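Student: I have a model open and want to go through its fold. Can we take it piece by piece?

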Amino acid sequence: MKKCREKCRKIQPDKNSGGNGGMKNIEDLIQKAVELQSNGLVTGQIADELNVSRETVTWLLTRSKKEVTAPAPKDISVNWSSIGKSATRLHYISLALCDMVLETLEKTNTEVDVVVGVAASGIPLASMMANELGADFALYHSRKGQDVVQPGHKGTISRNFGSVAGKNCVIVDDVITTGSTTMEVIEQLREMGAKPRAVAVLVDKKGADMIANVPIQSLVRIVRLD
Ligand SMILES: O=P(O)(O)OC[C@H]1O[C@H](OP(=O)(O)OP(=O)(O)O)[C@H](O)[C@@H]1O
């Protein structure tokens, strides 16, 4: 623990931001949405960047023009930059996710062959988890990361890293919002002959136990009461 504290002291607090990448309230979120829009990002990209729904982005951008009368959409903005900024913190979080995945896979006596990181935000955690589990690391580029998404376009496994065919896979991402990316990765891996066995994420905003028959493990699961 002393070693941990020594390492942790090296992590620099963000100036002017309270240490969480600068988004503390709705006004910060609005400002960030406007900034991303002026950098050329479209609604879906801003939504992914802020880990909120498209509807919320539309609301934030309208509100920035002081035009809004509608109440805010029911949504939760996820900012995990206090973890993502530090390899040390990512490492400890990846250990927790490994523990949760192993607990799930023990029930079916399944070994992990490959940890598949979903680009971009799933990559650092997946890489650290693969190291810890003694498994290969593979990288999945989702459809929505493509410049122009046409019907029939598929996501891809990067050839620079591990392959997945015939292997037990654990899929790692940062956040599940609608679950469409997770669904896509599972379906795509199955088409490639892989066996998706578990999904590990930091935050599951959908509150799902399973997606396409694959168990979901999350550090934090959001469950709406309304
Ligand atoms: O459950 P969903 O509604 O599909 O949304 C979740 C996905 O959206 C974000 O990915 P994005 O493609 O924006 O890439 P990023 O990792 O670079 O943020 C996030 O990292 C998940 O992969």
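**Sheet, helices and confidence**

Student: Which residue in S7 is the bridge partner of Val201?
Tutor: Ser218 is the bridge partner of Val201 in S7. This is a predicted model.

Student: And in which sense do S5 and S7 pair?
Tutor: Parallel, over 5 bridges; S5 spans residues 195-204 and S7 spans residues 214-221.

Student: What packs on the sheet?
Tutor: Helix H7, residues 123-133, does, touching S1, S2, S4 and S5. The direction of H7 makes about 170° with that of S1. Helix H8, residues 180-191, also packs on the sheet and touches S1, S2, S3, S4, S5, S6 and S7. The direction of H8 makes about 165° with that of S4.

Student: What is the strand order?
Tutor: S3-S2-S1-S4-S5-S7-S6, in an open sheet of 7 strands with mixed pairing. Strand S3 (156-157) and strand S6 (210-211) are the edge strands, each pairing on one side only.

Student: Back to H7. Which residues are buried there?
Tutor: Leu125, Ala126, Met129, Ala130 and Leu133. They lie on the same side of H7, because they cover an arc of only 135° around the axis.

Student: What do the buried residues of H7 pack against?
Tutor: Helix H6 (87-106), plus S1, S2, S4 and S5. Just after H7, Gly134 has a positive phi of about 65°.

Student: New topic: what is the mean pLDDT of the protein chain?
Tutor: The mean is 88, with 85% of the residues at 70 or more. Over residues 16-20 the pLDDT is below 50, and that stretch has 8 contacts in the model beyond near neighbours in sequence.

Student: What are the ipTM and pTM?
Tutor: The ipTM is 0.94 and the pTM is 0.85.

How values were computed. Residues numbered from 1 in each chain as written. Predicted model: local features only at pLDDT ≥ 70, side-chain atom pairs only at ≥ 80, totals over all residues. Heavy atoms only, no water. Pairing = 2+ DSSP bridges. Helix = DSSP H or I, 4+ residues; strand = E, 2+ residues; numbered from the N terminus. Contact = heavy atoms within 4.5 Å. Axes fitted to C-alpha atoms, helices over the stretch in contact; angles between N-to-C directions. pLDDT = per-residue confidence, 0-100. Buried < 20%, exposed > 50% of the residue type's maximum accessible area, 1.4 Å probe, protein only. Arc of directions from axis to C-beta.
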